[in-house]
Amino acid sequence: MTPRQPPATRASAVRDRLVAIAEAQRFTAHGLHVRIGDDTAAHRWTPDVREDVHSIAKGICVLAAGIAVDDGLIRLDEPVAALLPDHELGEGTAEVTLEHLLTMTSGIDLPWSETLMTDWPDLAREFLRRPSRGWVFQYSNASTYTAMTALAARVGDVGDYLAARLFTPLGIADVTWSRCPHGRIEAGGGLPLRTAEVAKLGQLIRDRGSWQGRPLVSPTWIDRMHQDGVVAGENPGYDRYALAGWRGPGRAWRLHGAHGQLVLFLDDAVVTVTAHDHAGADAFAAAVVAVLEENVPAA
């Protein structure tokens, strides 16, 4: 007698649709995790190993800042110059705050390169000594790195702070950040995690900072990750940026790392994707949200 198969759940139905879409789009996905309410389903295309989540790490750095704000150790409107008083400041940078750095609105231009961490003796010093063009959006990994350099002045090593206050409570052990020659975390990337580990962070954010009934980050801070963003450009999906969160596609918002690292939020659903397909990420993100909008009633 053939064992009776359990009925498909919403999460498994969404997962199956997304697996088919990824294969139809030839999107080079590595892992997929779907959570709708308390229902989960996952799929892997490649071995389950830790991989760099790239700019999703910026969202984790925002969580570090939020925990420090909750602890009363730092303020979002605090000038970075007060936290790093021995750093040379470029024209207009004296008023740059932690919020400017985390929202990419310092107006300081320092483009990304593959050797960003070693192009200058000290990346934070190089960043702050450059002029600001005013409070305009300028996406830069150096901005997040400088924010975490400033945060370290109050919390000590940010990697250790996150291990104790975020990763350990989530059951994520032995997290190893890539670090600059000064020993600081790269912050804007360089964080290897498994798909399921990123999904835990997605669940924490979806649940407004609470993990299994334990508050780790204040709900207000979580809301700021995606609400009241700044104008970032004109391209759909890249026109609004808050504290590490991009608006879109559709009603959703997302954390988005290079090469297709995605955490997409829509009401009580969160979909986590790890991949190696930079060019195909936007189309797959749009497909994820389209499937969710069919399967997740609006809140």
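This is a predicted model: local features need pLDDT of at least 70, side-chain atom pairs count only at pLDDT 80 or more; totals for chains, interfaces and linings use all residues.
Residues are numbered from 1 along each chain as its sequence is written, and side-chain values use heavy atoms, with hydrogens and water left out.

Now widen the selection to residues 246-247, strand S9, which runs antiparallel to S10 and is joined to it by two bridges. (Strands are DSSP runs of E, at least two residues, numbered from the N terminus; two strands pair if DSSP finds at least two bridges between them.) Five residues lie between the strands of this hairpin, and glycine 248 there has a positive phi near 95 degrees.

Next, pick residues 253-257. Is S10 mostly covered or uncovered? Mostly covered: five of its five residues are buried, meaning under 20% relative accessible area with a 1.4 Å probe, protein chains only. Show the side chains: Trp253, Leu255 and Gly257 point one way, while Arg254 and His256 point the other. In a regular strand the side chains alternate between the two faces of the sheet.

Move on to residues 261-266, strand S11, which pairs with S10 in the antiparallel sense over five bridges. Click leucine 255 and you'll find its bridge partner in S11, valine 263. Three residues separate the strands in this hairpin, with histidine 259 at a positive phi near 65 degrees.

Finally, zoom out. The C-alpha atoms of the chain fill a box of roughly 75 × 40 × 35 Å along the principal axes, and buried residues make up 52% of the 299 residues.

Methods: Buried means under 20% relative accessible area, exposed over 50%, partly exposed in between (1.4 Å probe, protein chains only). Helices (H or I, at least four residues) and strands (E, at least two) are DSSP runs, numbered from the N terminus.
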